[in-house]
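Welcome! Take a moment to look over the structure below before reading on.

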Amino acid sequence: MGGRVAVLVSGSGTNLQVLLDDPSIRPHIAFVLSDRSGVRALERARRADVEVDVIEPGLFPDRVTFDEAVLAALRGRGIDVLVSAGYMRVLGSRVLEVYEGRWLNVHPALLPAFPGMHGVADALAYGVKVTGVTVHLVDEGTDSGPVVLQEAIAVRDDDTWDSLEPRIHEVEHRLLPRALRALLEGRLEVAGRRVRIRETS
């Protein structure tokens, strides 16, 4: 597939940094978009000479006009592929219509368990023995799209958010670049809810 990638961010941007540091992915990253100004992810993008923009939902009268502004920003920069990397907004059908099948999200839990914004905290509160990381294609639901990659992480008896989150990040930083490389290279094969990564020869 190749093409120009936009990374959607809301926070510190550690997943963005991993993508910027990957020599096979960096040439494709053309744009970083945040819903919040002043976040560290924007600094990381600027240091890498990647164009940035901030579109804050509070400046729009409703979700539809916010989505239209996001879509206009993406289209105006010729974006082919989206990556939600800690982006704390659910974009609507107008964006999905354009980028369906070309939009990845990384989530800090083993979906379909613990969707939403608090995957790490929710898993800890539930008392699970195993959690993990999911990279999935975005669909119309919340963290409900077809799973591209997953990896489990054992939850220790004495784990807190502060001790578990770094292990979550470590796995995110391995899985997200692998999934994005496969998408850019046209190696994702999707059949309904099943996704297969065709390995290179």
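Here is a short briefing, moving from the whole protein to some of its parts.

This is a predicted model. The protein contains 6 helices and 9 strands. Its 201 residues would give a compact globule a radius of gyration near 17 Å, and the protein's 16 Å agrees with that.

**The whole protein**

- The C-alpha trace spans about 50 × 45 × 35 Å along its principal axes.
- Of the 201 residues, 49% are buried.
- If you take the contacts between residues at least 6 apart in sequence, 59% of them join residues at least 24 apart.
- The accessible surface is about 9700 Å², and carbon and sulfur atoms account for 51% of it.
- There are 24 positive and 29 negative side chains, and the centres of these two sets lie 4 Å apart.

**Strand 4 and its partners**

- Strand 4 covers residues 81–84, and both of its faces are covered.
- On one side of strand 4 you will find V81 and V83, on the other L82 and S84, and all of them are buried.
- Strand 1 (5–9) pairs with strand 4 in the parallel sense, over 4 bridges. Here V7 stands opposite V83.
- Strand 5 (residues 103–107) also pairs with strand 4 in the parallel sense, over 3 bridges. In this pairing, L82 stands opposite W103.

**Helix 1**

- Helix 1 runs over residues 14–21, and its buried residues are N15, L16, Q17, L19 and L20.
- What do the buried residues of helix 1 pack against? Their partners are strand 1, strand 2 (29–34), helix 2 (40–47), strand 4, strand 5 and helix 6 (161–184).

**A closer look at H107**

- H107 lies in strand 5.
- Is H107 buried or exposed? Its relative accessibility is 2%, and buried means under 20%, so H107 counts as buried.
- Leaving aside neighbours within four places in sequence, H107 is in contact with F114, P115, G116, G119, G132, V133, T134, D143 and E172.

- Strand 8 (residues 188–191) and strand 9 (residues 194–197) run antiparallel and are joined by 4 bridges.

Conventions. Residues numbered from 1 in each chain as written. Predicted model: local features only at pLDDT ≥ 70, side-chain atom pairs only at ≥ 80, totals over all residues. Heavy atoms only, no water. Helix = DSSP H or I, 4+ residues; strand = E, 2+ residues; numbered from the N terminus. Rg over C-alpha atoms; globule rule 2.2 N^0.38 Å. Buried < 20%, exposed > 50% of the residue type's maximum accessible area, 1.4 Å probe, protein only. Contact = heavy atoms within 4.5 Å. Areas by Shrake-Rupley, 256 points an atom, 1.4 Å probe, with all protein chains shown as cover. Lys, Arg positive; Asp, Glu negative; His and termini not counted. Charge placed at Lys NZ, Arg CZ, Asp CG, Glu CD. Pairing = 2+ DSSP bridges.
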